[in-house]
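User: Could you walk me through this structure? I'd like to start with its surface.

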Amino acid sequence: MSRASKITLACTSLAAVGTVVFVHFGQKWEQAGMHAGVIRDMEQQRVKKERQADFEMQKRLEDEYRKVQTVHDGAGGEAKGGG
């Protein structure tokens with residue numbers, strides 16, 4: 001083999017190996033990013049459920065307090081609720 005053919009073979013081989021390595025690590029980074037997105041979505045769903053539970057608890061407490069207390073609106077209108 002001539003010197004030029006050896007250099008060409010070495011350069012193309014290095015380019016091929018470099019491309020394979022680059023694509024491999026690119027896929028790993030993409031997979032890690034997708035996994036982080038799933039974790040973030042799960043956390044958002046957990047927070048949403050907690051907020052919904054808090055809202056429902058506050059609504060029940062409000063309903064309970066309205067049964068016990070007389071509540072007036074700020075305009076001096078009629079009383080809301082029983083009591």
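This is a predicted model: local features need pLDDT of at least 70, side-chain atom pairs count only at pLDDT 80 or more; totals for chains, interfaces and linings use all residues.

User: Is Val 21 buried, partly exposed or exposed?

Analyst: Val 21 sits in helix 1, which covers residues 3-68. Its relative accessibility is 40%, and the range between 20% and 50% is the middle class. Val 21 therefore counts as partly exposed.

User: How are the rings of Phe 25 and Trp 29 arranged: stacked, edge-to-face or tilted?

Analyst: The structure holds 1 aromatic pair. The ring centres of Phe 25 and Trp 29 are 6.3 Å apart, with their planes at 35°. Planes under 30 degrees apart would be stacked and those over 60 edge-to-face, so the pair of Phe 25 and Trp 29 is tilted.

User: Where do Phe 25 and Trp 29 lie, and how many residues apart are they?

Analyst: Phe 25 is partly exposed at 43% relative accessible area, while Trp 29 is exposed at 62%. Both lie in helix 1, about one turn of the helix apart, which is 4 residues.

User: What order do the elements of the chain run in from the N terminus?

Analyst: The chain has 1 helix and 2 strands. Reading from the N terminus, the order is α-β-β.

User: What percentage of the residues count as buried?

Analyst: A residue needs under 20% relative accessible area to be called buried. Of the 83 residues in the chain, the share that counts as buried is 1%.

Technical notes
Residues are numbered from 1 along each chain as its sequence is written. Side-chain values use heavy atoms; hydrogens and water are left out. Buried means under 20% relative accessible area, exposed over 50%, partly exposed in between (1.4 Å probe, protein chains only). Rings of Phe, Tyr and Trp (its six-membered ring) pair if their centres lie within 6.5 Å; planes under 30 degrees apart count as stacked, over 60 as edge-to-face and the rest as tilted.
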